[in-house]
Amino acid sequence: MKLFFGLLAVVALLAPAAARAQTPRPATPETRRYAIEVAGLRVGTMTATRQPLPGTTDVVYSCTSDVKVTILFYHLKVYYQVVNRVRAGQLLVSAVEAHTNQGDFSSRTEWKGDHYDIRADQYKYHHQATEKEPITYTVTDLFFGEPQSRSRAYAEYFGDFFSVAKAGPGTYRARRDGREDEYQYANGQLVTLIKKNPIKNFIIRYLP
């Protein structure tokens, strides 16, 4: 089950209202695609997108993964999606959905004007909290450039923060509660994400 939980740590969709004919067409989203590997085998895909909304300072970020793993008698199936809506650099709402062969799970973070309401109900993990400080950097942001001087990133799945530290040129480590992910960048773009796991690491590689 550690492998299962490790992958889950890797939504009510926030689609804007249907555009009227005179509304400018949304800009083409920035999309980054990755292969997910375990023990050298490709077991799924991950897609991260960033979509500015015309006429606003809002941006919708999403990250979706679809994984199927069979190792001997171990079977894992996960469809995972996080969608964030950001306004002028601040997270307004984040919604996470996970549909798995162990059940369906969700997390939600929502700005209420002076604080966030946070609730995470995930596989063997439950967390409820409030956060008064505006959230301006999330784990999903890590897919779209190096964190540079950022020292933490909000983990939408957990409803909590990862600490972020530079480990070398283009390499950063995100840690929380004994868990560690390693982000590797080339020319400012994420090329490899290693989600470390006691059983087998998940390797997420950029697909050019």
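Predicted model: local features only at pLDDT ≥ 70, side-chain atom pairs only at ≥ 80, totals over all residues.

User: Okay, glutamate 182: buried or exposed?

Analyst: Glutamate 182 is buried, because its relative accessible area is 10%.

User: What does glutamate 182 touch?

Analyst: Not counting residues up to four places away in sequence, glutamate 182 touches Thr171, Tyr172, Arg173, Thr192, Leu193, Ile194 and Lys196. Contact here means heavy atoms within 4.5 Å. Lysine 166 is 16 residues from glutamate 182 in sequence, and their C-alpha atoms are 9.7 Å apart.

User: And which strand is glutamate 182 in?

Analyst: Glutamate 182 is in strand β12. Strands (E, at least two residues) and helices (H or I, at least four residues) are DSSP runs, numbered from the N terminus.

User: How many bridges does β12 make with β13?

Analyst: β12 (residues 179-186) pairs with β13 over 6 bridges, in the antiparallel sense. Two strands pair if DSSP finds at least two bridges between them. Glutamine 184 has threonine 192 in β13 as its bridge partner. The hairpin of β12 and β13 has 2 residues between the strands, and asparagine 187 there takes a positive phi near 55 degrees.

User: What about the other neighbour, how does β14 run against β13?

Analyst: β14 (residues 202-206) runs antiparallel to β13, with 4 bridges joining them. Lysine 195 has phenylalanine 202 in β14 as its bridge partner, and the hairpin of β13 and β14 has 6 residues between the strands.

User: Why is β13 described as largely enclosed?

Analyst: Strand β13 (residues 189-195) has 5 of its 7 residues buried, so the rest of the structure largely encloses it.

User: Switching topic: which residues touch the most others in the largest nonpolar core?

Analyst: That core has 47 residues, and those touching the most other members are Ile36, Met46, Tyr80, Val139, Leu142, Phe143 and Tyr183. A nonpolar core is a set of buried Ala, Val, Leu, Ile, Met, Phe, Trp, Tyr and Cys residues joined through side-chain atoms within 4.5 Å.

User: What does phenylalanine 143 touch?

Analyst: Leaving out residues up to four places away in sequence, phenylalanine 143 touches Arg32, Tyr34, Met46, Ala48, Cys63, Leu190 and Leu193.

User: Now β7. Which residues are on its covered face?

Analyst: Tyr116, Ile118, Ala120 and Gln122 make up the covered face of strand β7 (residues 116-122), while Asp117, Arg119 and Asp121 make up the uncovered one. In a regular strand, side chains alternate between the two faces of the sheet.

User: Which residue stands opposite isoleucine 118?

Analyst: Alanine 129 in β8 does. β7 and β8 run antiparallel, joined by 7 bridges. Their hairpin has 2 residues between the strands, and lysine 124 in the turn has a positive phi of about 55 degrees.

User: And on the β6 side?

Analyst: Strand β6 (residues 103-111) is joined to β7 by 6 bridges, and the two run antiparallel. Tryptophan 111 has tyrosine 116 in β7 as its bridge partner. The hairpin of β6 and β7 has 4 residues between the strands, and glycine 113 in the turn has a positive phi of about 105 degrees.

Terms used
Residues numbered from 1 in each chain as written. Heavy atoms only, no water. Buried < 20%, exposed > 50% of the residue type's maximum accessible area, 1.4 Å probe, protein only.
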